[in-house]
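Dear colleague,

Please find below the structure that I am handing over to you.

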Amino acid sequence: MRRLILIPALAFSSAAFAQAYKSDEHSFQVVQVVKGLEQPWSLAFLPDGRMLVTEKAGRLRVVSKGRLEPQPIAGLPQVTVHGQGGLHDVVPHPQFEKNQLVYLAYAARGDDGVGTELARGRLAGNRLENVEVLFRQSPKGRSGNHFGGRIVFDRAGYLYLTLGDRGEMPRAQKPDDHAGSLIRLHDDGRVPQDNPFVGKAPWKPEKFDLGHRNQQGAALHPDTGVLWTHEHGPQGGDEVNIIRAGANYGWPVITYGVNYGIGTKIGEGTAKPGMEQPIHYWVPSIAPSGMAFYTGDRFPRWKGNLFVGALRDQMLVRLQLDGTKVVKEERLLKNVLGRIRDVRAGPDGFIYLLTDERDGILARLEPQ
């Protein structure tokens, strides 16, 4: 089998887009859609063919007919850039064609520091109108680490927001703290009464689970409709998890990672009764970000596979599944494009990638 042609991440040029790349299942090429994005974080598709791209600094950009519009969308909520925090995910409402609503996850400052918030607004031309904040993480925090920030709607219309532990490990196990949890809401920010901790003081009612370090990938399984997420481990121990209401995913009590630099043990080990095991984990870490199940027809032998971006190892990971079991992992585009921040399966059947660079790109994988 022909090996991938590797190009240094910081020196990629048109040569990266002139190559044919070969995976175990398909040959493909990388097509640059647009460049000139500053640390792009998330990509969303609109029904009219336009794409929305967030930039960490707090800008929401529009890509239309292969062109990056010069002016960002106006009217966004106030975004605080703090360490890893900034403007994160963008997701249209499932009924966007009727209501024009767009949802944003972002870092915002409050009296007790900086934390993740969720807002929505109505997209009217080049502006968000009637913007309202639906959720504010509480408490916030002083650290610049681990904001989470992915949004997913499930098939019943509930909204899920991933949160990190804010760089303070014990917070992920606290019932009265949003940090290190998945948040579940109605589309207008109300708390569903069937959330697992509603009415159980001192639990925060918005919490759907607990025990996460920093979830930066989330997607619904195309067959079951169940939410899958991935999260960063420390030094090793990045995980893919299947989400269940009220479950404890263990961090920092159990983990496959160790302390940075010194390599010492974190918590009690890798397993404990009452705490979930990941369906897949990475040692050493790949620093996963962005995740999508492929359901299109352009790459038929990839159908049902899970694709994960990687920041540290600057690559795209393909996970082949048998039900909920990962039976094969393939690493693609290593050191070709740079830090892959987001991965999306487009409505046109192509796979789209964002690179987390000061001069970031939106790229598309097409069959060769």
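In the residue classes used here, Ala, Val, Leu, Ile, Met, Phe, Trp, Tyr, Cys and Pro are counted as nonpolar, Asp, Glu, Lys and Arg as charged, and the others, Gly among them, as polar. Please note that the model is predicted.

Cavities

A search of the whole structure gives 2 cavities of 30 Å³ or more. The largest cavity has a volume of about 60 Å³. It is lined by 13 residues, and those closest to its centre are Glu 231, Gly 237, Glu 239, Trp 251 and Thr 255. In terms of the classes above, this lining holds 4 nonpolar, 6 polar and 3 charged residues.

For the second largest cavity, the volume is about 30 Å³. Its lining consists of Glu 239, Asn 241, Tyr 249, Ile 254, Thr 255, Tyr 256, Thr 270, Glu 276 and Pro 278. These divide into 4 nonpolar, 3 polar and 2 charged residues.

Of the 34 residues in its lining, Phe 45, Val 91, Phe 153, Arg 344 and Ala 345 lie nearest its centre. Two or more lining residues come from each of strand E3 (40–45), strand E7 (87–92), strand E11 (151–153), strand E14 (215–220), strand E18 (288–293) and strand E22 (340–345). By class, the lining comprises 21 nonpolar, 7 polar and 6 charged residues.

The second largest pocket has a volume of about 390 Å³. Its lining has 24 residues, and Gln 84, Gln 216, His 232, Ala 287 and Leu 311 are the closest to its centre. Here the classes stand at 6 nonpolar, 11 polar and 7 charged residues.

Overall form

The protein contains 1 helix and 24 strands. Its radius of gyration is 19 Å, which agrees with a compact globule, because a globule of 368 residues would have a value near 21 Å. Along the principal axes, the C-alpha atoms fill a box of roughly 60 × 50 × 40 Å.

Buried residues account for 58% of the 368 residues. Of the contacts between residues at least 6 apart in sequence, 56% join residues at least 24 apart. The protein exposes about 14800 Å², and carbon and sulfur atoms supply 47% of this area.

Yours sincerely

Technical notes: Residues are numbered from 1 along each chain as its sequence is written. This is a predicted model: local features need pLDDT of at least 70, side-chain atom pairs count only at pLDDT 80 or more; totals for chains, interfaces and linings use all residues. Side-chain values use heavy atoms; hydrogens and water are left out. On a 1 Å grid over the protein atoms alone, a cavity is a set of points where a 1.4 Å probe fits but cannot get out, and a pocket is an open set with protein on both sides within 12 Å along at least five of seven lines; lining residues have an atom within 4 Å of a point. Grid points are joined across faces, edges and corners, and a volume is the space filled by probe spheres set on the points. Helices (H or I, at least four residues) and strands (E, at least two) are DSSP runs, numbered from the N terminus. The radius of gyration is taken over C-alpha atoms; the globule rule is 2.2 Å times the number of residues to the power 0.38. Buried means under 20% relative accessible area, exposed over 50%, partly exposed in between (1.4 Å probe, protein chains only). Contact means heavy atoms within 4.5 Å. Accessible areas come from the Shrake-Rupley method with a 1.4 Å probe; for residues, only the protein chains shown count as cover.
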